[in-house]
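Subject: Structure handover

Hello,

Here is the structure for your work. My notes on it follow below.

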Amino acid sequence: MKNINVLISGASVAGPALAYWLHRHGFTPTIVERAPALRDGGYAVDFRGEAHLSILRRMGVLADLERARTGMGAMSYVNSAGKLQATMPADLFAGDIEILRGDLARVLYDATKEHTEYIFGDSITSLTEDADGVTVTFERTPPRRFDLVIGADGLHSNTRRLTFGPEERFVKHLGLYCAIFTTGNHLGLDHTGHAYRTAGKLVAMYSAHHNTQAKAVFYFASPPLDLDRRDVPQQQAVLAEQFTGNGWQSDRLLHDMRHAPDFYFDTVAQVRMDSWTRGRVALIGDAASCPSSLSGMGSGLALVGAYVLAGELAAARGDHRVAFARYEQEMRAYAEGCQKMGDGVAKLMVPGSRFLAAFLNRYYKIMPYLPGKNMAANMARKAAENITLRDYRDLASR
């Protein structure tokens, strides 16, 4: 085995999942994460189909995820006065397991912390590759040498920027922005959610952590904005400008936003790349092929990508040239299928006119009774299972 020491950038989903499998196959993973600690909060994510569940089962974390699952039921659409207009049963859109992203990150961290070095509060500043490895410099940590570097650092991947170029070449804005944060469950929601939709905007609340709190979610249509991704007051000002006086719970949630411990704001986008590897550097998860938050496929895609990349490195005995080529070959069609689940969803999620918003509310009212009502869930399951996973367990060193 060669190329044992692997640096992973990113400690959300793809990074810890990759670290788990690399360790199982005899590699030594190190994870660097810009945040000072694990990121709490975030929206709910889904795993669906046997491809996802089999990997979670082999990792020994399936029972932990089931205990932390949201248990969400129906999502109801309301008018400005809070009166129910339509209700969407959970089985029309939910996966087999739904869990908050922060809870998922904690489970994966707990499964890897004993054998993976985590460097929090730091970030890569340069990557210099030679015939024998990569010299990595950091903002705070002294320079170190690694055999391979894997970017698992999300939509705005620093690793991708350093290796492949500016993100503008790869990130495709889908016409929406999204914000999410934790708030009080002042509507008394019981494992359910309410959403209010107007032309170009959607605001929603759904219960979280066994109804002890709630998540507030905002979507609004917009061309790309010139915003600093780390300037939270600027982002909150933009959100307030969009939703003040919008109706329903908008103003109350905007007030709560100022005190939220986990405010998140970003573009709704996909990542499109011709190749995910270059030399000794590879990308996985959202850094390589983000399908957008609207697809419901991001975490599952990250999980599968981590499993395949680690397995191919083991199968090639650490030869990254062989392993990286096989990883792309195995994952390309799967990633494209996941991305198709996000295509076209933006206009349905946030319609551009008052007429279309009203039409969708009426359509959703009768949708549970229509033939083919489970089409969206069936399409998502088909995309999630559209890969034949190789069994790499015989390669595991422990």
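How do the residues of the lining of the second largest pocket divide into nonpolar, polar and charged? The model is a predicted one, and in it that lining has 6 nonpolar, 4 polar and 6 charged residues.

The second largest pocket holds about 390 Å³ of space. There are 16 residues in its lining, and H156, E167, Y177, L225 and T267 are the closest to its centre. Two elements, strand 12 (171-183) and strand 16 (264-271), each give two or more residues to this lining.

Next, the cavity. The structure has 1 cavity of 30 Å³ or more, and about 40 Å³ of space lies in the largest cavity. Its lining consists of W276, G285, S289, L301, G305, Y327 and M331. Of these lining residues, 4 are nonpolar and 3 polar, with no charged ones. At least two residues of the lining come from helix 9 (298-315), and at least two from helix 10 (320-340).

Helix 1 covers residues 14-24. Because 11 of its 11 residues are buried, helix 1 is largely enclosed by the rest of the structure. Buried here stands for under 20% relative accessible area. After helix 1 comes G26, which has a positive phi, near 100°.

F355 is located in helix 12 (residues 354-366). Its relative accessibility is 65%, so F355 counts as exposed; the cut-off for exposed is over 50%. As to spacing, an α-helix has 3.6 residues a turn, so residues three or four places apart point the same way.

Last, K347, which is part of helix 11 (residues 345-349). K347 counts as exposed because its relative accessibility is 68%. The C-alpha atoms of K347 and G200 are 8.7 Å apart in space, while the two residues are 147 residues apart in sequence.

To recap the two spaces: the lining of the second largest pocket includes 6 charged residues, whereas the lining of the largest cavity has no charged residues.

Regards

Notes. Residues are numbered from 1 along each chain as its sequence is written. This is a predicted model: local features need pLDDT of at least 70, side-chain atom pairs count only at pLDDT 80 or more; totals for chains, interfaces and linings use all residues. Side-chain values use heavy atoms; hydrogens and water are left out. Buried means under 20% relative accessible area, exposed over 50%, partly exposed in between (1.4 Å probe, protein chains only). Helices (H or I, at least four residues) and strands (E, at least two) are DSSP runs, numbered from the N terminus. On a 1 Å grid over the protein atoms alone, a cavity is a set of points where a 1.4 Å probe fits but cannot get out, and a pocket is an open set with protein on both sides within 12 Å along at least five of seven lines; lining residues have an atom within 4 Å of a point. Grid points are joined across faces, edges and corners, and a volume is the space filled by probe spheres set on the points. Ala, Val, Leu, Ile, Met, Phe, Trp, Tyr, Cys and Pro count as nonpolar, Asp, Glu, Lys and Arg as charged, and the others, Gly among them, as polar.
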